[in-house]
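Subject: Structure for your review

Dear colleague,

Please find below the structure that I am handing over to you. My notes on what was found in it follow.

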Amino acid sequence: MKLQEELMKYKILIEDELKKVIPQKNVPQKILLESMEYSLLSGGKRLRPILLLKSCELFDGDIEDAIPFAVAMEMIHTYSLIHDDLPAMDDDDYRRGNLTNHKIYGEGMSILAGDSLLNYAYEIMLKVLIEKKEQLKYIDAMNVIAKAAGFNGMIGGQVVDIDSENKEINSETLDFIHLNKTAALIEASLVAGAIIGEGDSKEIQLLKDYGRLVGISFQIRDDILDIIGDKEKLGKDIGSDVDNDKSTYVSIHGMDKALNDLKNYKNQAIRIMKKFDKDRSEFFIELSDYLMSRTN
Ligand code: GRG
């Protein structure tokens, strides 16, 4: 399989959908819609929606059914990045190679753009629930996404992350942060896709386990890239963890262990996906390899 071509094909598909969702801008609140669109269409790997669609396809699900949930997932991810970049949080000037949302639109507007993207994500999922009201699987998928994004998921992880700044933390606390701040949405994308594709409960659990491993590894790689990454390729400044006095996988465990654990998690993730037919699991196997050596 040509992984990069496959990723690009799905990225284009998702971006075509994202371009359609921001409504007409000829309204009094047009500045808000521009601010939402600025971040939503500013690039990015589109990893979470790609995982959601691919996971649905793994079970022969129709990706048309999964597209609104993939779009919603990317909106939730984008809102989290806009808010994370704010001066009250990480105070970053660049994201995906562009100025951060608040640098262009101001802090107030960028808080509201994040809020609107979050609300709109639920509107988009609820529209499917209303249209297909007899199908419980869509409610299940939305429930998984809502929980992963909330106080027992990404927001919970972000809270402990902020609360841990300028403090010595142990590896359990760091694991909590990574599992919630980063892995929760990645895991939820795979689980929601599997639910919509109608995988059985054992298969959904395999996707969940794979997602957790990919999610943790994604964050470990992020921590590594913050030290050895290339600013141009990353589209943001490196060294921000040190600047913000943040504990990372590398600062707690050291670079050698970080690289070694990354390899172990990758092998575990591959073992899980090998339980599916080879032609179906190839994408997920190659993806775990790529994500753990990614440079952006
Ligand atoms: C503000 C509630 C709230 C949460 C913020 C996403 C997040 C939580 C913080 C961003 C900071 C960070 C390093 C998070 C770890 C997850 C991560 C690596 C996010 C970036 O995701 P990518 O690499 O981004 O998929 P692109 O730009 O490719 O979409």
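Is H253 buried, partly exposed or exposed, and why? This is a predicted model, and in it H253 has a relative accessible area of 24%. Buried residues fall under 20% and exposed ones over 50%, so H253 counts as partly exposed. H253 belongs to helix 13, which covers residues 249–253. The C-alpha atom of H253 lies 38 Å from that of I12, and the two residues are 241 positions apart along the chain.

A second point concerns the surface. L99 is partly exposed because its relative accessible area is 34%, a value between the 20% and 50% limits.

The last point is the second largest pocket, which holds about 320 Å³ of space. Its lining consists of 16 residues, and those nearest the centre are A148, A184, E187, A188 and K208. Helix 7 (136–149), helix 9 (171–196) and helix 10 (201–228) are the elements that each give two or more residues to this lining. Helix 9 provides the largest share, with 7 residues. By type, the lining of the second largest pocket comprises 8 nonpolar, 4 polar and 4 charged residues.

With kind regards

Note on methods:
Residues numbered from 1 in each chain as written. Predicted model: local features only at pLDDT ≥ 70, side-chain atom pairs only at ≥ 80, totals over all residues. Heavy atoms only, no water. Helix = DSSP H or I, 4+ residues; strand = E, 2+ residues; numbered from the N terminus. Buried < 20%, exposed > 50% of the residue type's maximum accessible area, 1.4 Å probe, protein only. 1 Å grid on protein atoms, 1.4 Å probe; cavity = no way out; pocket = protein on both sides within 12 Å on 5 of 7 lines; lining within 4 Å. Points joined across faces, edges and corners; volume = space filled by probe spheres on them. Nonpolar A, V, L, I, M, F, W, Y, C, P; charged D, E, K, R; others polar.
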